[in-house]
Amino acid sequence: MGLTSCEGCQFAIMDLGNRFLELFKDIEIVQFRLMEEEVFVTPKMDICFVEGSVVTKENQKIIKEIRKQSDILVALGNCASMGGIHQIKNYHQPQKMIQEVYFHSNKIDNPEILDLEKIVKVDYTIPGCPINNLEFLKLVYSLLQSIDFKISPRPVCEECQLRGYDCVLMPDPKTGKKGQMCFGPIIQGGCEAVCLKSNMPCQGCRGLYKGAQVNNHLKHLEEIGYSRQEINHQLEIYGLRNDVEEFINSK
Ligand code: SF4
Ligand code: SF4
Ligand code: SF4
């Protein structure tokens with residue numbers, strides 16, 4: 001089921017190709033938005049994968065209906081699990097922002113964007129923007145065999161260094177330019193450090209990993225020259241800011 005999203009996580013599932021088709025031997029797909037006309041009837045489901053954020057009143061209605069109709073509900077991807085890019089609005093005067101975009105905004109829903117688990121009970125999460133489709137497969141087969149599904153807690157740094165990528169957090173040895181703002185040390189691995197492969201810093205789309213030293217990492221970023229405002233702006237890109245703030249407040 002897709003709420004408000006770019007549908008990239010649904011595409012990631014279809015990108016499985018034959019491995020996606022193989023699933024039809026074991027499961028019946030009763031609804032898949034990308035493969036059919038949008039249907040507003042929510043069928044009874046053993047497992048429902050929900051992509052996207054709750055942005056409109058329609059989304060709010062649908063997610064409650066989905067929860068009632070599904071034995072197991074899985075938050076699929078960053079938009080569903082962490083509020084995604086939509087959550088940026090929460091920090092920047094939402095009313096003003098909507099007026100700037102739409103001008104006449106009276107009839108446009110403008111709720112605070114919440115992580116899905118703050119709206120309904122979520123049984124499992126597949127993180128990432130987009131998801132790692134192999135994690136999706138692993139979850140499906142685990143559920144079919146009644147095996148508990150877990151993503152092993154390890155930071156993106158581990159996968160980055162195992163692959164021998166240059167650490168972009170370190171100052172450039174040639175120019176002495178300060179390191180980039182990489183969140184790899186505190187973010188859940190499983191994406192094979194794909195951004196670092198292209199020398200892009202990790203912006204945290206998979207969320208905090210269990211055991212992350214959040215305070216230490218934020219302090220380090222400040223020490224190498226980033227202001228708190230700059231750090232917050234980066235944390236907002238993938239809906240990470242509220243999770244970091246909740247983590248700090250819980251200590
Ligand atoms: S998590 Fe990323 S890829 Fe998936 S629906 Fe949201 S924006 Fe698209
Ligand atoms: S993930 Fe970022 S901080 Fe970690 S080793 Fe790679 S570049 Fe350095
Ligand atoms: S490196 Fe970071 S931002 Fe890039 S896919 Fe992995 S978790 Fe997401």
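1. What percentage of the 251 residues of the chain count as buried? The figure is 33%. Buried means 20 or more other C-beta atoms within 10 Å of the residue's own; 12 or fewer is exposed, and in between is partly exposed, with C-beta atoms placed from the backbone.

2. On provenance. This is a predicted model, in which local features need pLDDT of at least 70 and side-chain atom pairs count only at pLDDT 80 or more, while totals for chains, interfaces and linings use all residues. Residues are numbered from 1 along each chain as its sequence is written, and chains are lettered from A and ligands numbered from 1 in the order in which they are written.

3. Overall dimensions. The C-alpha trace spans about 60 × 45 × 35 Å along its principal axes.

4. Secondary structure. The chain has 11 helices and three strands. Both are DSSP runs numbered from the N terminus: helices are H or I with at least four residues, strands are E with at least two.

5. The sheet. Three strands make an open sheet, ordered E1-E2-E3, with parallel pairing. Strand E1 (45-51) and strand E3 (124-126) are at the edges with a single partner strand each, so one side of each lacks a neighbour in the sheet. The twist averages 25° from one strand to the next. Strands pair if DSSP finds at least two bridges between them. Strand E2 (residues 70-76) is joined to E3 by three bridges. Val74 has Tyr124 in E3 as its bridge partner.

6. Helices on the sheet. Helix H3 (residues 57-69) lies across E1 and E2, at about 135° to E2. Helix H6 (residues 133-144) touches E1, E2 and E3, and its direction makes about 155° with that of E3. Contact means C-beta atoms, placed from the backbone, within 7 Å. Axes are lines fitted to C-alpha atoms, for helices over the stretch in contact; angles run from 0 to 180 degrees between N-to-C directions.

7. Ligand 3. There are 13 residues around ligand 3, and Cys191, Cys195, Cys202, Cys205 and Arg206 come nearest. A residue is near if its C-beta atom, placed from the backbone, lies within 6 Å. Helix H8 (residues 194-197) gives the most to this shell, with three residues.

8. Met14. This residue sits in helix H1 (residues 8-14). Met14 is partly exposed because 14 other C-beta atoms lie within 10 Å.

Notes: Contact = placed C-beta atoms within 7 Å.
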